[in-house]
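Colleague: Please show me the model. I would like to go through the terms used for it and the grounds for each of them.

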Amino acid sequence: MPDGGIGASSKRREDLRFLTGRGKYTDDINLQGQAHAHFVRSDVAHGRINSIDTSAASSMPGVIRIFTATDFEGVGGIPCGWQVTDRFGEVMQEPKHPILAEGKVRHVGDPICVVVADTLEQARDAADALVINITPLEAVLDMKAALAEGATKVHDDLNSNLCYDWGFVEENREAVAEAINNAHHVTTLELRNNRLVANPMEPRVAVGDYDFSTDEHTLYTTSQNPHVIRLLMGAFVLGIPEHKLRVVAPDVGGGFGAKIYHYAEEAFCTFAAKTIGRPVKWTSTRSEAFISDAHGRDHVTKIELALDENGKFLALRTDTHANMGAYLSTFAPSIPTWLHGTLMAGNYTTPLIYVNVKAVFTNTVPVDAYRGAGRPEATFQLERVVDKAAREMGIDPVELRRRNFITEFPYATPVAVEYDTGDYHATMDKLLQISDHAGFEGRAALSKANGKLRGFGIAHYIEACGIAPSNLVGQLGARAGLYESATVRVNATGSISVMTGSHSHGQGHETSFAQVVADMIGVDENQIDIVHGDTSKTPMGMGTYGSRSIAVGGSAMVRATEKIINKAKKIAAHLMEAAEGDIELKDGQFSVAGTDKSVAWGDVTLAAYVPHNYPLEDIEPGLEETAFYDPANFTYPSGAYGCEVEVDPATGKVTVVAFSAADDFGNIINPMIVEGQVHGGLAQGIGQAMIENCAYDDQGQLLSGSYMDYAMPRADDLPMFTVDHSSITPCTHNPLGVKGCGEAGAIGSPPALVNAVVDALQRAGHNVTHIDMPLSPDRVWAAMNS
Amino acid sequence: MHNFEFVKPSSVADAVSALAGEGAQALGGGQTLLPTMKQRLAAPEKLVSLSGLAEMTGVSSAGGVMTIGGATTHASVAADAGAYPGLAGLAAHIGDPAVRNRGTIGGSLANNDPSACYPAAALGSGATIVTNTREIAADDFFQGLFSTALDEGEIITAVKFPIPQASNYQKFVQPASRFALVGVFVARYADGVRVAVTGASEEGVHRWSAAEAALSANFSAAALDGLSVAADGMIADLHGTAAYRAHLVKVMTGRAVAAAS
């Protein structure tokens with residue numbers, strides 16, 4: 001077996017181009033004759049558009065055309081990909097999401113019109129000459145106030161600002177209430193999961209192109225899932241059949257969820273390219289990204305945990321208001337429901353759970369999935385309330401968790417999912433070891449001597465990854481399947497191109513996917529190229545999010561490679577005049593069992609394409625196979641996270657001095673890439689818990705609309721991480737036994753950090769039971785001094 | 001960014017005449033002005049670059065006074081102001097390396113951002129701002145947010161810092177911008193202690209006279225024990241309340257005194 005393969009920390013082959021500036025991103029694409037689009041966006045949160053006067057602007061130098069909502073009268077709105085049914089059996093309220101604002105603007109950043117000109121500067125100059133008359137309306141911002149009787153409506157044609165009132169599992173509602181009313185102890189916690197801006201390093205870009213001679217449209221876009229964009233935009237917005245619409249997502253500089261969705265700018269550039277007969281390009285500025293990329297999180301929650309006298313969890317009830325923003329982004333309705341409610345059991349045997357979620361329209365940027373997507377919100381509230389319960393009942397937080405851990409698998413939770421496998425005591429044991437939990441008191445004493453307050457916080461998470469079984473999500477309201485695809489094309493000399501429906505935007509698929517195929521065949525991984533991101537090259541695929549790529553996309557690739565191997569064995573059997581059942585493949589050599597006969601991989605692949613000596617009567621020439629894989633279940637990564645902090649009592653500043661992560665991701669393809677994924681997730685989770693905060697003022701103006709006020713975590717905000725993934729319970733239902741690792745860090749870390757700060761403050765005698773994220777110095781100081 | 005004319009004079013005199021016209025704007029390191037122009041919030045017709053003017057660049061010390069040319073970058077001050085460690089330390093922690101290699105002391109003082117570091121050093125040192133026409137005492141120079149005693153077209157050619165016996169700057173950073181949420185510069189001279197505060201007040205950089213009196217009598221953090229800072233007039237924003245900033249002024253002052261060398 002050559003070096004590499006499954007389990008090797010192969011260096012990321014894509015880094016050579018990324019680190020030497022040779023990556024080809026969407027903004028690097030400049031087409032002949034391309035025009036530039038500048039979006040004119042609302043600077044008020046809510047208002048009625050009285051008039052748009054384009055006359056002066058239209059005659060400015062270089063202006064080709066100015067588009068307004070009237071240009072899109074024959075075109076659909078931006079579709080929502082998930083329909084949630086509420087607890088009364090009614091479908092959610094679903095407002096139209098126009099490409100350009102129709103009659104009203106509904107958030108700061110809502111696009112009103114677009115100037116297309118020869119140069120971007122000309123487009124911007126012309127935009128300054130537009131006269132747009134808007135009457136400001138009251139901004140709807142607070143979710144609870146938005147649901148009050150008589151509240152101003154974000155959408156005049158809806159009944160109210162309520163998107164849906166979801167209950168899960170509705171049949172348990174009364175039983176949960178009864179268990180809470182009769183319990184020995186009930187711990188209650190009210191909290192906010194702060195709104196975040198994803199901030200991928202590369203802002204969004206779209207380039208539309210149209211060839212009238214073939215009637216073919218091409219969209220180059222910064223997307224995590226080009227086929228999804230082709231489907232949504234082609235079928236629902238612009239009415240372009242798939243064979244006339246190609247969507248390319250080349251190198252993409254980070255997504256974190258925000259590049260899953262179909263955005264107005266993509267539809268616009270595709271539409272406008274045909275309208276003006278020239279390619280049209282739009283590149284978001286960073287300021288635009290803050291007000292036009294979908295935001296994340298923004299839940300306000302009350303959670304109650306009922307316990308018996310021994311600390312056994314009896315029932316859990318949670319009541320959440322989830323901010324949808326002004327419109328429904330592609331997957332927005334599913335995040336606070338099916339990706340959130342189904343995770344409320346966590347790692348615990350709680351027998352009765354009821355989740356109520358009210359999704360609310362407000363005059364803010366739409367909210368959708370952001371790394372973790374619903375699961376961080378579930379984990380945060382659960383791991384915070386468990387920690388609070390432990391403190392209230394005088395039980396060690398580790399011990400309380402252990403008393404309630406699920407230990408038998410498969411385990412059917414009361415919230416409709418079945419965990420296939422896991423070992424939560426093992427990850428907890430590992431965490432306590434790698435974090436030197438036993439030595440904490442000594443370190444705390446040292447901190448105290450230095451005038452600092454030290455605390456240790458634990459969180460144990462579960463997540464549902466490998467999204468998702470299509471028949472199940474169809475029942476839950478998804479308007480798409482969630483399989484994945486792969487085509488394995490073996491070339492005549494034995495090199496291999498794998499066309500995957502997954503999309504890599506930083507995850508290292510080009511390396512780790514090649515390792516899998518190399519391992520299965522026994523050839524060097526450098527013989528294999530991974531092709532992704534172009535609907536004209538890859539089979540229909542659903543893209544990358546929800547930690548699904550290796551579990552679903554990798555499984556499709558395994559299935560296609562199995563087909564390749566089966567066919568190659570037939571060819572090898574023919575070449576060696578042996579029975580197919582006797583052929584073995586090892587280290588790239590086909591041999592006949594029990595003999596010294598063998599043929600090399602390259603001999604077989606050559607025979608497939610030069611079929612002179614070939615069983616043409618039985619099998620076709622060539623060696624190319626496609627597989628679609630639809631998972632039987634979600635995968636359930638889990639892990640124990642430990643955060644150690646020091647708090648400066650004079651300023652409230654929190655320093656994360658150590659962070660340990662003991663994860664169970666099932667089998668591991670490339671440990672180095674897995675560790676990198678965990679590091680990145682931890683940085684984002686710690687960022688949310690410590691410093692990131694997307695805040696609006698009472699007029700709906702974004703207070704944190706640039707990096708001057710929106711704090712991104714930097715290397716010196718973070719400690720050296722201690723990560724471990726040696727606790728392995730392989731997934732039982734996919735061929736690789738993998739679970740996915742992309743989101744774990746962002747899911748498990750926020751509660752661990754907040755638990756650590758509360759621990760530090762309580763150890764110092766402060767009666768602080770909760771601080772809302774981010775735990776910025778002023779908030780911690782205020783909590784200590786209130 | 002709108003189009004503009006770019007002028008790179010070779011002497012202060014040439015710069016002064018270039019700035020005399022309508023719509024001209026001096027350009028220091030451009031660390032504030034250029035982002036503002038990119039956002040189309042400023043649109044000068046002509047930029048007069050002061051960078052690279054030899055007569056405005058460099059650090060020198062004589063007779064207990066350090067003179068820093070107005071076009072000297074933060075990185076140069078960090079490297080060359082060793083005779084005034086409190087000042088060199090402040091310069092070494094402004095922004096990031098890219099900012100420090102472009103931004104200049106003259107540009108920073110002329111801009112007088114209420115959260116910038118240099119105004120605290122200038123005021124806390126009782127520095128003299130030297131321009132092409134006159135010398136202005138720091139106490140008279142800073143006149144509130146983004147406002148100074150400079151006249152239209154007047155150029156900061158140098159800043160003269162009396163070198164103190166001991167000094168220190170403590171910056172509590174705003175987590176996003178890493179400007180000073182509160183920064184305090186403390187300098188101890190033979191005739192007394194000066195304390196200048198940046199980042200905190202709606203009036204911009206200012207002296208904390210009660211602390212100066214207490215520390216002049218007893219240069220130790222304990223001397224501040226009985227003092228408090230009023231929250232009135234302090235900045236309140238996403239990153240801290242007025243009360244929090246007032247509290248931090250005292251904490252950072254104590255730390256600066258303790259660390260002064």
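Colleague: What makes up the area buried between chain B and chain A?

Modeller: Buried area is the accessible area (1.4 Å probe) that two parts lose on being put together, summed over both. Between chain B and chain A this is about 1,800 Å², and carbon and sulfur atoms give 51% of that area. R40(B), R178(B) and L238(B) supply 33% of the area that chain B buries against chain A, more than any other three residues. This is a predicted model: local features need pLDDT of at least 70 and side-chain atom pairs count only at pLDDT 80 or more, while totals for chains, interfaces and linings use all residues. Residues are numbered from 1 along each chain as its sequence is written, chains are lettered from A and ligands numbered from 1 in the order in which they are written, and side-chain values use heavy atoms, with hydrogens and water left out.

Colleague: Why is the meeting of D128(A) and R40(B) called a salt bridge?

Modeller: The term asks for a side-chain nitrogen of Lys or Arg within 4 Å of a carboxyl oxygen of Asp or Glu. The side chains of D128(A) and R40(B) come to 3.1 Å, N to O, so the pair qualifies. The count between chain B and chain A is six salt bridges.

Colleague: Why is H217(A) called buried?

Modeller: Buried means under 20% relative accessible area (exposed is over 50%, partly exposed in between; 1.4 Å probe, protein chains only). H217(A) has 7%, so the word applies. Five of the six residues in strand 11 of chain A, residues 216–221, are buried.

Colleague: How do you know that strand 11 of chain A pairs with strand 10 of chain A?

Modeller: Two strands pair if DSSP finds at least two bridges between them. Strand 10 (residues 205–211) and strand 11 of chain A have six, in the antiparallel sense, so they pair. Y210(A) stands opposite H217(A) there.

Colleague: Which residue is the bridge partner of H217(A) in strand 12 of chain A?

Modeller: The partner is L245(A). Strand 11 and strand 12 (residues 245–248) of chain A pair in the parallel sense over four bridges.

Methods
Helix = DSSP H or I, 4+ residues; strand = E, 2+ residues; numbered from the N terminus.
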